[in-house]
Amino acid sequence: MISPVNTSAINVQELSFPLLQEKDLEVAVLRSDKVHPDISGNKWFKLRYYLEDAKELGKKTIVTWGGAWSNHIVATAIAAKLYDFKTIGLIRGEEPITYSASLNQAREAGMQLFFIDREKYRAKNFPVDPDNADNYIINEGGYGIKGMSGAAEILDHCKKENYSHICGAIGTGTMVAGLLKASIKGQTIIGISVLKNNLDAEEKIRQLFPGSAAELQVIHGHHCGGYARFDPELIRFMNDFYRLTEIPTDFVYTGKLFFAINNMITDHYFKTGSKLLVIHSGGLQGNRSLEKGTLIF
Ligand SMILES: *Cc1c(COP(=O)(O)O)cnc(C)c1O
């Protein structure tokens, strides 16, 4: 049995620790991670309208792709099952001897997995029959207009007009495009890129949502070595942050997001009196790839 999606579990948590008092800032966290134990945070919002579209079109199978620890793969496998779809996951790299916890979970949810060597993966040379009318294809990370529109609804779970800054992690940029869509005049949307050399991030966001009332700032250089890489400082921060706030973060997205925001606060990036909303976009399942004991939560 897969538990149902529960958007009413999403809440806003106010943070309180000395750095915030010292800088006279208010910081709140929107806990979209609480929406479902396996359909991680923003992935539910990004997938929803694709799945509804596929239902309306009478499709039978959802096809998507991602890496061996991908939040998107796990979320798609489980969310699509809630809608009674079959699922096909195209996984980057060779078939491993031992499957990652994420791949096992996707497989247990019924996802059929195919392993694609890295070159073909990069070229999006996939063994999916493009003429098969039963298939509905969702881009990696749910990048696209429907993903963006779904992500905009994350901000329905707070009083968005209370905040001067709304901050989120950037992978494909779909979520941040949605935050831009939902934002109001005078606000600043801050996107923290978790990839190295992700220099077209802003362009990709603007492709999904060209005009906006709010200002967009894409921040680079907080990737801690690159996508899904980490260093001891990041791990130390994540553990300290948990001690202070009891908020668990993942090392791929939200750990880097909160680490970056914390460093920006220390470096006086935000004017006194600013009110920040930081989106906890989920992703905790990926921490299973870390050696046991690395994190205290
Ligand atoms: C996928 C993911 C993101 C990135 O979202 P994009 O819309 O691809 O930018 C951020 N945080 C978490 C936890 C994710 O799983």
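Author: What follows takes the labels one at a time. This is a predicted model, in which local features need pLDDT of at least 70, side-chain atom pairs count only at pLDDT 80 or more, and totals for chains, interfaces and linings use all residues. Residues are numbered from 1 along each chain as its sequence is written, and side-chain values use heavy atoms, with hydrogens and water left out.

Reader: How do you know how many disulfides the structure holds?

Author: A disulfide is a pair of cysteine sulfur atoms within 2.5 Å. The sulfur of C158 has its closest cysteine sulfur in C167, 12 Å away, which is too far for a bond. C167 is likewise in no disulfide, with the sulfur of C158 as its nearest at 12 Å. The count for the structure is zero.

Reader: Why is C158 called buried?

Author: Buried means under 20% relative accessible area, exposed means over 50%, and partly exposed is in between (1.4 Å probe, protein chains only). C158 has 15%, so C158 is buried. C167 has 0% and therefore also counts as buried.

Reader: What makes Y227 and Y253 an edge-to-face pair?

Author: Rings of Phe, Tyr and Trp (its six-membered ring) pair if their centres lie within 6.5 Å; planes under 30 degrees apart count as stacked, over 60 as edge-to-face and the rest as tilted. By this rule there are eleven aromatic pairs. For Y227 and Y253 the centres are 6.0 Å apart and the planes 70° apart, so the pair is edge-to-face. F237, F241, F258 and F259 form one aromatic cluster.

Reader: Where in the chain are Y227 and Y253?

Author: Helices (H or I, at least four residues) and strands (E, at least two) are DSSP runs, numbered from the N terminus. Y227 is in the loop between strand 9 (215-219) and helix 9 (232-245), and Y253 is in the loop between helix 9 and helix 10 (254-266). The pair links distant parts of the chain, 26 residues apart. Y227 is partly exposed at 40%, whereas Y253 is buried at 16%.

Reader: Why is the charged end of K43 said to sit over the ring of Y253?

Author: A charge sits over a ring if NZ of Lys or CZ of Arg is within 6 Å of the ring centre and within 35 degrees of the ring normal. The charged end of K43 is 5.5 Å from the centre of the Y253 ring and meets the rule.

Reader: What makes the span of helix 3 close to the one expected?

Author: The expected span is 1.5 Å times one less than the number of residues. Helix 3 (residues 71-82) has twelve residues and reaches 17 Å from its first C-alpha to its last, close to the expected 16 Å.

Reader: Why is helix 3 called mostly covered?

Author: Ten of its twelve residues are buried, among them N71, I73 and A80. The buried residues of helix 3 pack against helix 2 (42-56), strand 3 (61-66), strand 4 (86-92) and helix 4 (101-108). Contact here means heavy atoms within 4.5 Å.

Reader: Which residues does N262 touch?

Author: N262, in helix 10, touches F17, L19 and F237, not counting residues up to four places away in sequence. N262 is buried at 18%. I265, also in helix 10, is buried at 4%. With residues up to four places away again left out, I265 touches several others, including L19, K23 and L276.
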